[in-house]
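Biologist: Can you walk me through this model? I would like to take it one piece at a time.

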Amino acid sequence: MPPVKPMLAKSVAKIPPGMQYEAKWDGFRAIVHRDGDQIEIGSRTGKSLSRYFPELVAALKENLPARCVVDGEIVIVHDGRLDFDRLTERIHPAASRVKMLAEKTPASFIAFDLLALGDDALLDTPLTDRRNALVQALSTARPPVHLAPATTDPALAQEWFEQFEGAGLDGVIAKPLDLPYRPDARLMFKIKHERTADVVVAGFRFHKSGPIVGSLLLGLYDDRGGLQHVGVCAAFPMKRRAELVDELEPLRMADPDGHPWAAWAEESAHESARLPGAQSRWTGKKDLSWVPLRPERVCEVAYDHMEGDRFRHTAQFRRWRPDRVPESCTYAQLEEAVRYDLAEVLGEAD
């Protein structure tokens, strides 16, 4: 019975041998429960996603076995690749808005594990047997419900790792063949892309625990000379967070006038530029205020991939770059993946 939390993965540097390999999808993780006409789509935290994806509720009724629990990912495909921004737009309080987006940008469900079928719970069943049961259960499934491609060939997994990024995927997941399903446990392995970029530090947010740095706000200059907010880096030891407050003190601006992101609190300003502080439907009433800094310091960060014109995930601080001037930190330095059609990815499951 819902809610059930999904099994998770821990990061490793290389693809390990002797496992089952799948693409790492960049969407909303979802555990789907079906019992006849009842469908419940649970998020990674256990909250229901059903109301946000009415088109998937109908499709899952048509394509899943009558009684089952399936683990997978909700994605939206646009122009041949995954589009996470369009996916986040679906988390909206207005039912009319959700209905309109369901018609305009319909979602898909990528199934990659089977937790229960009929009267049988499969949590203690080895992965290989669960995969075989999933393949059989979805043998007649049609889009927008898809069976995730999987292989035991590490060479093919390496090809996927190199090629699928062009379709917006996030790397490769490796799963031990005899692995039982353990909710909320990090027993799988994820191999993600990592690149580096030099970025401008133009502000910071305080940590929730007190007057120490919680995250650094990062910027890149676009081809018009505007500094665009591209993400944050936030993983610092507590001692280092306190040191950063003193380190950044000479750059603090008592008055944000003149800062490239001075208009961050004005909702209309976010329509023409990437600014920090845009209200998130996930964070709700979370305090998004920040401390402006003169955009004079450059740091190197590691990132996995871009989502449009921003870092898709939190970047990782690597080092300060006193040898770089802020104006040299532009989008031109970013590496782009060779484009790859998502239809080719899903065709691997055939």
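**Strands, cores and helices**

Modeller: Let's start with a strand pair: S3 and strand S5 (residues 67–75) run antiparallel and are joined by eight bridges. Keep in mind that this is a predicted model.

Biologist: Which residue in S5 is the bridge partner of Asp 35?

Modeller: Asp 35 has Arg 67 as its bridge partner in S5.

Biologist: And how many residues of S3 are buried?

Modeller: Strand S3 covers residues 28–35, and seven of its eight residues are buried.

Biologist: What about S3 and strand S4, in which sense do they pair?

Modeller: They pair in the antiparallel sense, over five bridges, with S4 made of residues 38–42. On this side, His 33 stands opposite Glu 40 in S4.

Biologist: What sits between the strands in the hairpin of S3 and S4?

Modeller: Two residues lie between the strands, and Gly 36 in this hairpin takes a positive phi near 65°.

Biologist: New topic. How many residues has the largest nonpolar core?

Modeller: It has 35 residues, and those with the most contacts inside it are Val 199, Leu 216, Leu 218, Leu 248, Val 301 and Phe 311. At least two residues of this core come from each of strand S14 (195–207), strand S15 (210–221), strand S16 (227–233), helix H6 (238–248) and strand S17 (291–303). Another core, of 31 residues, lies apart from it and has Val 57, Leu 64, Cys 68 and Phe 84 among its members.

Biologist: In what order do the strands come in the open sheet with antiparallel pairing?

Modeller: The five strands follow the order S16-S15-S14-S17-S20. S16 and strand S20 (316–320) are at the edges with a single partner strand each, so one side of each has no neighbour in the sheet. On average, neighbouring strands of this sheet are turned by 50° against each other, direction ignored.

Biologist: How many bridges join S17 to S20?

Modeller: Four bridges join them, and the two strands run antiparallel. Val 301 stands opposite Phe 317 in S20.

Biologist: Which strands does H6 touch where it packs on the sheet?

Modeller: H6 touches S14, S15, S17 and S20, and its direction makes about 65° with that of S15.

Biologist: There is also an open sheet with mixed pairing. What is its strand order?

Modeller: Its five strands are in the order S1-S13-S12-S2-S11.

Biologist: Why is one side of S1 and of S11 left without a neighbour in the sheet?

Modeller: Both stand at the edges, and each has a single partner strand, so one side of each is left without a neighbour.

Biologist: Do the details, please. Where does the parallel or antiparallel pairing come in?

Modeller: Strand S1 (residues 8–11) and strand S13 (residues 186–191) run parallel and are joined by four bridges. Ser 11 stands opposite Lys 190 in S13. Strand S12 (residues 172–176), by contrast, pairs with S13 in the antiparallel sense over three bridges. There, Ala 174 stands opposite Phe 189 in S13.

Biologist: Which strands does H5 lie across?

Modeller: H5 lies across S2, S11, S12 and S13, and runs at about 20° to S2.

Biologist: Which residues in helix H5 are buried?

Modeller: Ala 157, Trp 160 and Phe 161 are buried in H5, which covers residues 154–163. Seen down the axis of H5, its buried residues fall within an arc of 100°, so they line one face of the helix. As a general point, an α-helix has 3.6 residues a turn, so residues three or four places apart point the same way. The cover over the buried residues of H5 includes strand S2 (19–23), strand S11 (150–151), S12 and S13.

Biologist: What happens at the start of H5?

Modeller: A side-chain oxygen of Asp 153 reaches to within 2.9 Å of the backbone nitrogen of Ala 155. The backbone nitrogen of Asp 153 is in turn reached by the side chain of Thr 151, at 3.0 Å.

Biologist: Is Thr 151 buried or exposed?

Modeller: Thr 151 counts as buried, because its relative accessibility is 12% and the cut-off for buried is under 20%. Thr 151 is found in strand S11. Not counting residues up to four places away in sequence, Thr 151 touches Met 19, Gln 20, Tyr 21, Leu 156, Ala 157 and Trp 160.

Biologist: Last one: where is Arg 86 found?

Modeller: Arg 86 is in helix H2 (residues 84–88). Arg 86 is partly exposed, with a relative accessible area of 27%. Leaving aside neighbours within four places in sequence, Arg 86 is in contact with Ile 76, His 78 and Thr 105.

Notes
Residues numbered from 1 in each chain as written. Predicted model: local features only at pLDDT ≥ 70, side-chain atom pairs only at ≥ 80, totals over all residues. Heavy atoms only, no water. Buried < 20%, exposed > 50% of the residue type's maximum accessible area, 1.4 Å probe, protein only. Pairing = 2+ DSSP bridges. Core = buried A, V, L, I, M, F, W, Y, C linked by side-chain atoms within 4.5 Å. Axes fitted to C-alpha atoms, helices over the stretch in contact; angles between N-to-C directions. Contact = heavy atoms within 4.5 Å. Arc of directions from axis to C-beta. Polar contact = N/O pair within 3.5 Å; in protein donor to acceptor, adjacent residues only side chain to side chain.
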